[in-house]
Amino acid sequence: MQGVNVARWGLSVIAGLSAALIAFGVIYVQGDLGGVMRFLRARGDLRDIIASGAGAAEVAAAKAQALAVAQSFAVPDVAVRLVPLELLIGLMVGAFVWWLFGRRVGRALGGNERPDVQERMVYRLAHRKGGRFTLADLSASSPLTPAQAQAVTRHMVQTGRLLNDGDGIYRLIQQHQAQNRRSL
């Protein structure tokens, strides 16, 4: 559980900071991606002029052109003034990721995962194993705990989708095997 919390914190912080940085960038350029591309072309032209060994006047003119393009769409003062809003956006995204990650982990650890998801895990394992498997196989090759594996196989035996051949070996019933092969 300790590793899950570290991953949950890390993912939430990374997502929140990334969202804040993206919000800052969008506000900085007023959402004008075309302006960014024009600036990148002007900067590329400037590099080409410098690489060609052009005179100081040509280089200065290219720098002035790149600066004029940048100033036509960038608003750094507004972006800096709106840092609290950008951080709030990042905080909301981080909190959403925290909630979403925790909800998923809580369902998996609490055994509240949807039964159809667990049954699909059983079907996939059974198909990989040629239609026959054991609980040990299921626990080893899926995220299901031994208790979850036992519960889902018991339910599938009761509903007629699996047969218990004894000695802990389970086998798919042929009609379900054909139907589920199409859905997988």
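# Briefing on a predicted protein model

Val122 lies in helix α6. The model in which this residue is described is predicted, and its protein chain comprises 9 helices and 3 strands. Val122 belongs to the largest nonpolar core, a group of 15 residues, and is one of the members that touch the most others.

**Overall architecture**

- Read from the N terminus, the order of elements is α-α-α-α-α-α-β-α-α-β-β-α.
- The protein chain has 184 residues, and 28% of them count as buried.
- Among contacts in the protein chain with a separation of 6 or more, 60% are accounted for by residues 24 or more positions apart.
- The protein chain has an accessible surface of about 11,600 Å², and carbon and sulfur atoms contribute 63% of that area.

**The largest nonpolar core**

- The members that touch the most other members of this 15-residue core are Val122, Phe133, Leu138, Leu144, Val152, Met156 and Leu162.
- Three elements, α6 (115-128), α8 (146-158) and β3 (169-172), each provide at least two of the core residues.
- Helix α6 makes the greatest contribution to this core, supplying 6 residues.
- Val122 counts as buried because its relative accessibility is 0%, below the 20% limit that defines a buried residue.
- Beyond its neighbours within four places in sequence, Val122 contacts Phe133, Leu138, Val152, Met156 and Leu162.
- Val122 and Phe133 are separated by 11 residues in sequence, and their C-alpha atoms lie 9.0 Å apart in space.
- Leu162, when residues up to four places away in sequence are not counted, touches Val122, Phe133, Thr153, Met156, Val157, Tyr170, Arg171, Leu172 and Ile173.

- Gly35 is placed in helix α2, and contacts Val69 and Phe73 once neighbours within four places in sequence are left aside.
- The C-alpha atoms of Gly35 and Phe73 are 6.1 Å apart in space, although the two residues are 38 residues apart in sequence.
- Gly35 has a relative accessibility of 0% and therefore counts as buried.

**The largest pocket**

- The volume of the largest pocket is about 190 Å³.
- Its lining consists of Trp9, Ser12, Val13, Gly16, Leu17, Ala20, Leu87, Gly90, Leu91, Gly94, Ala95 and Trp98.
- Helices α1 (2-28) and α5 (83-110) are the elements that give two or more residues to this lining.
- Classified by residue type, the lining of the largest pocket contains 8 nonpolar residues, 4 polar residues and no charged residues.

**A loop residue with positive phi**

- Gln30 is located in the loop between α1 and α2 (33-51).
- The phi angle of Gln30 is near 55°, which is a positive value in a residue other than glycine.
- Gln30 counts as exposed because its relative accessibility is 52%, over the 50% limit that defines an exposed residue.

Note on methods
Residues numbered from 1 in each chain as written. Predicted model: local features only at pLDDT ≥ 70, side-chain atom pairs only at ≥ 80, totals over all residues. Heavy atoms only, no water. Core = buried A, V, L, I, M, F, W, Y, C linked by side-chain atoms within 4.5 Å. Buried < 20%, exposed > 50% of the residue type's maximum accessible area, 1.4 Å probe, protein only. Helix = DSSP H or I, 4+ residues; strand = E, 2+ residues; numbered from the N terminus. Contact = heavy atoms within 4.5 Å. 1 Å grid on protein atoms, 1.4 Å probe; cavity = no way out; pocket = protein on both sides within 12 Å on 5 of 7 lines; lining within 4 Å. Points joined across faces, edges and corners; volume = space filled by probe spheres on them. Nonpolar A, V, L, I, M, F, W, Y, C, P; charged D, E, K, R; others polar. Areas by Shrake-Rupley, 256 points an atom, 1.4 Å probe, with all protein chains shown as cover.
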